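Trainee: I would like to learn how to read the features of a structure that is new to me. Could you take me through one, step by step?

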Amino acid sequence: MSFIGSSNLVMGQRSKELTVFNVPKAQQAVAVDNDHFYVINNKTITKHDKKSGELIARFDGTSLGLHHLNSGVVYHGKLYCAHSNFPELPMKSSVEVFDTRTMKHASSYSLGISVYGSLTWIDYDERSKQWYMGFAHYSDEKLRTDERDNRWTTVVQYDRNWHSKQSWTFPEHIVEAFKDHSNSGGSIGPDGYFYCTGHDNGELYVLEIPQSGYTLRHIATIPAPIHGQGVAIDRSIKDASVFYGIRRATNEVVSFEVN
C-alpha cells in the first residue's frame, strides 16, 4: 500500500459543516455506516438513524468490565472499537467488536500491555488488507508512564491476524499541536492518507507513510467543525469526502465535507 502522492482532496484545505445532531452524550468518538451513526462513550454506544438522528439502540458495557471505549470503525457489519484502561497504568488495550444489527458484543482481541501505548483508534484499509491503529502517550504529568511523553505516540500497522508489522511516529510540530494530550482519532481517506485528530483542536492532520524512515509525513492541516476526538469517514458516499465527528461540550455529532 502506498501513501505517497498528491491528492486533490487536501489541496483546498477546507471543510464545510453539513448536519448537526444533538445526542444525550458525545464523549469519545463517532462511527458511521450506510444508514446509521454510532456514538461511542467510555462504556456505552448508541446507534442513531443517519437522517434524523433518532436513537435506535443502546449498548452498555459496564457488566462486561469495559473501561474506556474510544474511536471505532464499521467493517462488514461489525463495529470495531479501540478500548483501553486509560488513565490507569500500565497501559492495557484491546479491540472490542460489536454486531451493528443487534448492538451486542460479538468478540474481543486483547493487546495486553502494549509497548506502543494506549489504543485510541482503529481503521481498516481494503486496498492493503491491513489494520491501522493509533497508540497514545501523554505529556500531562498525571497521565504519563515512566519517561514516555506524547513524542512516543505511534501509528501501527497490523495484518488481518493481528500481527504488528510496522509503526511510525508523528512529526514534532504535530506532537506540539497535541499539547499535553495525544492523537485521539484517525481514519483512512479515499486518497490513502491518514486523517488524524488531537484531543481538543478543531483540526484534521493529514499524514502519509514516508518513503523512508519512521516519521509520518505531514501533508496538510484542515480546520474542522469538531473538538478533536474520534472521527470517521462516511464510506457509503462515493462522490464526496464526508466525515463525522463530535463536539463534547454541547453533546453534538457533526457531519462535514472536506473539499
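Trainee: Which residues of strand β2 are buried, and on which side does each lie?

Mentor: In a regular strand the side chains alternate between the two faces of the sheet. In strand β2, residues 29-32, A29 and A31 are buried on one side and V30 and V32 are buried on the other, which leaves both faces covered. Buried here is under 20% relative accessible area, exposed is over 50%, and partly exposed lies in between, with a 1.4 Å probe and protein chains only. Strands (E, at least two residues) are DSSP runs, numbered from the N terminus. Please keep in mind that this is a predicted model, in which local features need pLDDT of at least 70 and side-chain atom pairs count only at pLDDT 80 or more, while totals for chains, interfaces and linings use all residues. Residues are numbered from 1 along each chain as its sequence is written, and side-chain values use heavy atoms, with hydrogens and water left out.

Trainee: How many bridges join β2 to strand β3?

Mentor: Two strands pair if DSSP finds at least two bridges between them. Between β2 and β3 (residues 36-40) there are 4 bridges, and the two strands run antiparallel. With 3 residues between them they form a hairpin, and V32 has F37 as its bridge partner in β3.

Trainee: What is the order of the strands in the open sheet that contains β10?

Mentor: The order is β10-β11-β12-β13, an open sheet of 4 strands with antiparallel pairing. Because β10 (118-125) and β13 (164-169) each have a single partner strand, they stand at the edges, and one side of each is left without a neighbour in the sheet. Neighbouring strands of this sheet are turned by 20° against each other on average, direction ignored, where the axes are lines fitted to C-alpha atoms and angles run from 0 to 180 degrees between N-to-C directions. Strand β12 (residues 154-158) is joined to β13 by 5 antiparallel bridges, and Q157 stands opposite Q166 in β13.

Trainee: What is the volume of the largest pocket, and which residues are closest to its centre?

Mentor: On a 1 Å grid over the protein atoms alone, a pocket is an open set of points with protein on both sides within 12 Å along at least five of seven lines, and lining residues have an atom within 4 Å of a point. The largest pocket has a volume of about 700 Å³, and of its 33 lining residues the closest to the centre are I233, D234, R235, S236 and K238. A volume is the space filled by probe spheres set on the grid points, which are joined across faces, edges and corners. The largest share of this lining, 5 residues, comes from β6.

Trainee: Where does I233 find its bridge partner?

Mentor: The partner of I233 is F243 in β19, and β18 and β19 pair in the antiparallel sense over 2 bridges. They belong to an open sheet in the order β1-β20-β19-β18, with β1 (15-22) and β18 as its edge strands.

Technical notes
On a 1 Å grid over the protein atoms alone, a cavity is a set of points where a 1.4 Å probe fits but cannot get out, and a pocket is an open set with protein on both sides within 12 Å along at least five of seven lines; lining residues have an atom within 4 Å of a point.
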